[in-house]
Amino acid sequence: MPVSRRGLLAGTAVAGAALAVPGTASAVTTTARSDRIGPNDARYQDLVQRGQNRRFIGKPQYARVIRSTEDAVAAVQEAVRSGKRIAVRSGGHCFEDFVDSSDIEVLLDMSTYDAVTWDPQYKAFSIGAGATLETVYKELFYGWGLTVPAGGCLGVGAGGHFSGGGYGPLSRKYGSVVDHLYGVEIVVVDARGRARSVVATRDNANSDLWWAHTGGGGGNFGVVTRYLMRSAGASGRTASESLPKAPAALRSTILLYDWSKTTQADFARTVRNWFDFFEQHNTADSPYSTLYAPFILTHNSAGQFLLSTQIDAAVPGSEQLMNAFNAAMVAGVDVKPQVVDLGVGPFLQMTIQRSIADTPDPGRGKYKAGYLKKGYTDEQILAIYRGLTDSAYKGPQSSLLLVPYGGKVNTVPSTATASAQRDVVGKMVLTASWETATDDDMHLAWARKVYGEIYRETGGAPVPNATNAGSYINYPDTDLADPAYNKSGVPWHDLYYLGNYPRLQQIKSKWDPRNVFHHKLSIEPQ
């Protein structure tokens, strides 16, 4: 069984056929094949509550289930013609209300458009935007022995994850997902209000639109119906050589820490050990390039926190490498954690076991994040410790997650893709998680306070400098657009896109001149 999202974050668990689509298509004027699903339809509540953050539940006038590109074109055309706000849902993991905002009138649900096939026309894998990562992993692995370096939450939808610059356990070895993105099929709306589908690839006339989807984020340019995946540098001559080979097996351990025995000094040394290790082993050719070790630092009311580690078992000396890593993590620490050796298991089985699973009863959450070029300062680590040991706050489901990144990611120039952060060692995700609306203020205040303390020296935001590299658009945080919380003077879009934002604006103006597709952190047309 996969580890539950809430359980893992609380530290309580120990762990085919081608789609023959032309490069451009004329506008479809017929009615969409999918029907309108309004509030009185039995399907409505399930569709509007597919999100994984109960802080936001939309009330669109109707939803449509998209089963084809033609469906999407017709549905978009209908909404544009009637002047209605559109939102698109593939998975359910939008951290803000970009899909479930109160002003969304039409919801397009992509969840059944999830086929994973080899497309000989484009010499690339075609992945429907509604496919979850679990579907993607299974189809690629069982069909061809391949994979993509995407995320560890298997319920995430490819739709937003890919276009935002998705990453995961194999990114240090194989780079970001967008380094394997050959193209997108997308429904766009022109200046006259005409909806049409286009295919944009890295080497066709629409390559600017392809580039925008290599980290520009979802909901900005149109409705992505499918992704075409082929690694940069691969010819596409055969399917089996067009994406990375998956490992045959993974070796895994967990270090389990007892909060009641963890002193401030041990905590600081442990976190510093983690940063030091990944700073020292951050090259694409490192023997540790397949090592993935997310550090889940829960609030101390959870009782425990944990370091969950995996490495490709076929790497020479993988057992010794794992042992050396675990030894480095406890160096200089007085009270050692419990070591749980999960052994070696088949790649896909271990991936599913280690995944953060969705829950059928999601709670409420606030998420705040940042990229790191190197480890936090001692004062920043102390701020984390104070936040996680705040006795006035009861948040056993809340945590701060440190995720290793970099490696192969850092070999790509910052302007080659819209994902500009190409000189990093890790990411941080601060999560406040709770159950009831009556506790909203307490949890939001805690998250904002801790984040503000971590980035006190840079105005409460991860302003790019020697340590910080802004934030990750797939972890959107509308606070960064609010001067009450972001006092740095650096606008939110420079934190997410660095110097790539002006180019994204130009592409937005060209492909979505009416700004049909927008949300609270969407790219603004020039």
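**Exercise 1.** Leaving aside neighbours within four places in sequence, which residues is Tyr376 in contact with?

*Solution.* First, the ground rules: this is a predicted model, where local features need pLDDT of at least 70, side-chain atom pairs count only at pLDDT 80 or more, and totals for chains, interfaces and linings use all residues. Numbering starts from 1 along each chain as its sequence is written, and side-chain values use heavy atoms, with hydrogens and water left out.

Now list the contacts (heavy atoms within 4.5 Å): Tyr376 reaches Arg272, Phe275, Ile381, Ile384, Leu402, Met428, Ile454 and Tyr455.

**Exercise 2.** Work out why strand 10 (residues 249–258) is largely enclosed by the rest of the structure.

*Solution.* Strands here are DSSP runs of E, at least two residues, numbered from the N terminus. Count the burial: nine of the 10 residues of strand 10 are buried, so the strand is largely enclosed.

Then check its partners; pairing takes at least two DSSP bridges between two strands. Strand 13 (residues 338–346) runs antiparallel to strand 10, with eight bridges, and Ile254 sits opposite Val340. Strand 12 (residues 304–312) is also antiparallel to strand 10, over nine bridges, with Asp258 facing Gln304.

Definitions and conventions. Buried means under 20% relative accessible area, exposed over 50%, partly exposed in between (1.4 Å probe, protein chains only). Helices (H or I, at least four residues) and strands (E, at least two) are DSSP runs, numbered from the N terminus.
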